[in-house]
Amino acid sequence: NKVREYGASLEAPVILGGESSVWLATRMYREFSRRDQFSVLALESICTELLISASRQAIGGKVKKSPRWLERVKEYLNEKFADSIGLNELAKIAEVHPTHLARVFRQFENCTAGEYVRRIRIEKARSKMIHSKDSLVEIALDVGFSDQSHFTRSFKNTVGITPSQYRRIFKSR
């Protein structure tokens with residue numbers, strides 16, 4: 001009913017995918033595990049975010065399409081995620097002004113280019129933690145973090161748990 005108040009209709013199933021859905025699912029898992037006085041409110045909030053994501057996907061045809069150069073920039077970021085990349089470098093690839101790039105990137109990706117790269121790094125690290133026996137230091141350096149403490153802080157801020165906790169939970173599955 002909340003979603004319908006804003007004009008969205010979820011009459012057909014919607015397949016959620018991508019990084020934001022994984023992030024929300026991880027947060028939901030953490031809240032189910034925590035079970036404190038705020039868990040119900042947190043779970044309601046996460047469910048609302050999932051409904052919003054599904055609603056946006058359902059009306060996808062009505063949303064303004066991103067410029068082609070943005071896809072080139074995202075491809076470049078996905079290839080070079082472990083490197084140090086500046087906004088001016090991205091602007092040259094896109095052939096637009098850095099300020100314009102930053103504004104359009106945020107508009108379509110709901111984050112800055114730096115946050116986008118950090119998410120890619122975290123996602124690559126998550127996969128390596130589950131599928132390899134590399135140490136957390138090796139993984140952190142391999143995906144582009146300067147050291148393990150920076151990696152641990154970024155990981156915890158993004159996922160909600162430390163890399164070692166994540167590995168312990170998901171490696172056993």
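The accessible surface of the chain comes to about 11300 Å². Carbon and sulfur atoms own 53% of that surface. Accessible areas come from the Shrake-Rupley method with a 1.4 Å probe, and for residues only the protein chains shown count as cover.

This is a predicted model, where local features need pLDDT of at least 70 and side-chain atom pairs count only at pLDDT 80 or more, while totals for chains, interfaces and linings use all residues. Residues are numbered from 1 along each chain as its sequence is written, and side-chain values use heavy atoms, with hydrogens and water left out.

**Overall build**

The chain has ten helices and zero strands. Helices (H or I, at least four residues) and strands (E, at least two) are DSSP runs, numbered from the N terminus. Of the 173 residues, 32% count as buried. Buried means under 20% relative accessible area, exposed means over 50%, and partly exposed lies in between (1.4 Å probe, protein chains only). A contact means heavy atoms within 4.5 Å. Among the contacts with a separation of 6 or more, 57% join residues 24 or more positions apart.

**The core**

The largest nonpolar core has 30 residues. Such a core is a set of buried Ala, Val, Leu, Ile, Met, Phe, Trp, Tyr and Cys residues joined through side-chain atoms within 4.5 Å. W69, V73, L77, F105 and F151 touch the most other members. The elements giving two or more residues to this core are α4 (68–79), α5 (87–94), α6 (98–109), α7 (113–131), α8 (136–142) and α9 (148–159). Helix α7 gives the most, with seven residues.

Take L77 from this core. Leaving aside neighbours within four places in sequence, L77 is in contact with I85, L90, F105, Y116, V117 and I120.

**Helix pairs**

How do α7 and α9 pack? They meet at an angle of about 95°, with their axes 10 Å apart. Axes are lines fitted to C-alpha atoms, for helices over the stretch in contact, and angles run from 0 to 180 degrees between N-to-C directions. Angles under 35 degrees count as roughly parallel, over 145 as roughly antiparallel, 65 to 115 as roughly perpendicular and the rest as oblique. Helices α7 and α9 are therefore roughly perpendicular to each other. In α7, R118, I122, A125, R126 and M129 meet F151, S154, F155, T158 and V159 of α9. These residues divide into six nonpolar, two polar and two charged. Ala, Val, Leu, Ile, Met, Phe, Trp, Tyr, Cys and Pro count as nonpolar, Asp, Glu, Lys and Arg as charged, and the others, Gly among them, as polar.

Helices α6 and α7 pack at about 50°, with their axes 9 Å apart. They are therefore oblique to each other. F105, R106 and E109 of α6 touch A113, E115, Y116 and R119 of α7. This contact has three nonpolar, no polar and four charged residues.

E95 and N110 each have a positive phi, though neither is a glycine.

L141 is found in helix α8. Why does L141 count as partly exposed? Because its relative accessibility is 49%. Leaving aside neighbours within four places in sequence, L141 is in contact with S146 and D147. The C-alpha atoms of L141 and F151 are separated by 8.6 Å, and these residues lie ten apart along the chain.
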